[in-house]
Amino acid sequence: MRQIRPAAIIDRSCDRDFMHEALTLAAEGAALGEVPVGAVLVQDGAIIGRGFNCPISTSDPSAHAEMVAIRAAAQAMDNYRLPGSTLYVTLEPCSMCAGLIVHSRVARVVYGALEPKAGIVQSQGQFFTQGFLNHRVLYEGGVLAEECGAVLTEFFRARRAKSPSP
């Protein structure tokens, strides 16, 4: 059974601000030719980790925005577990990132746009509700969803325009 904390404990007042920061990071990734996804990890109202997708530029298939932000936070906090933290990410996490979120004990995930093909939080598998998990993650989607989706749509539109026609 999914354990849910009372809503009063969750402070949503800064969700949009932190998602704007994630959008800024997504733009940094796009400028490098990476799929524009950004993430920030927040604890006690302060950003402790930042990241954007960079698997192409780093030749690292695991370098998703969430992975980069969580790795940076773990190093900054000198702890592989990040209890009480909230991850803000512009796109619904995939299965790889969802696994890391559980293992690093992130308390809450807030994401913008849905990822209908590979999103595992809501779109494809509702991963965080699985009974076998040893850590429960609260989650909320749709924060600045239009803005987050528009960044991705424009990126892929521009990429297609640059591609030679068959």
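User: Leaving aside neighbours within four places in sequence, with which residues is H64 in contact?

Analyst: This is a predicted model, and contact here means heavy atoms within 4.5 Å. H64 lies in the loop between α2 (55–58) and α3 (65–77). Once its neighbours within four places in sequence are set aside, the contacts of H64 are N53, C94, M96 and C97.

User: At which residues does UniProt place the feature "binding site"?

Analyst: The feature comes from an unreviewed UniProt entry. Its residues are spread over 34 residues of sequence, yet they cluster in space, with a largest C-alpha distance of 9.3 Å. The residues that the record gives are H64, C94 and C97.

User: Is C97 buried or exposed?

Analyst: C97 is found in helix α4 (residues 95–103). Not counting residues up to four places away in sequence, C97 touches H64, E66 and M67. A residue counts as buried when its relative accessible area is under 20%. The relative accessible area of C97 is 1%, so C97 is buried.

User: How does H64 compare, and what is its relative accessible area?

Analyst: Partly exposed residues fall between the cut-offs of under 20% for buried and over 50% for exposed. H64 is partly exposed, because its relative accessible area is 23%.

User: Which helix gives the most to the lining of the largest pocket?

Analyst: The largest pocket has a volume of about 370 Å³. By class, its lining has 11 nonpolar, four polar and four charged residues. With five residues, the helix that gives the most to this lining is α5 (residues 145–162).

User: What span should the 13 residues of α3 have, and why?

Analyst: The expected span is 1.5 Å times one less than the number of residues. For the 13 residues of α3 this gives 18 Å, and the end C-alpha atoms agree, because they are apart by 18 Å.

User: Against which elements do the buried residues of α3 pack?

Analyst: The buried residues of α3 are A65, E66, M67, A69, I70, A73 and A74. Just after this helix, D78 takes a positive phi of about 55°. The elements against which the buried residues of α3 pack are β1 (38–43), β2 (46–52), β3 (86–91) and α4.

Conventions:
Residues are numbered from 1 along each chain as its sequence is written. This is a predicted model: local features need pLDDT of at least 70, side-chain atom pairs count only at pLDDT 80 or more; totals for chains, interfaces and linings use all residues. Side-chain values use heavy atoms; hydrogens and water are left out. On a 1 Å grid over the protein atoms alone, a cavity is a set of points where a 1.4 Å probe fits but cannot get out, and a pocket is an open set with protein on both sides within 12 Å along at least five of seven lines; lining residues have an atom within 4 Å of a point. Grid points are joined across faces, edges and corners, and a volume is the space filled by probe spheres set on the points. Helices (H or I, at least four residues) and strands (E, at least two) are DSSP runs, numbered from the N terminus. Ala, Val, Leu, Ile, Met, Phe, Trp, Tyr, Cys and Pro count as nonpolar, Asp, Glu, Lys and Arg as charged, and the others, Gly among them, as polar. UniProt positions are given in the numbering used here, feature names are shortened, and annotations may be inferred rather than shown by experiment. Buried means under 20% relative accessible area, exposed over 50%, partly exposed in between (1.4 Å probe, protein chains only).
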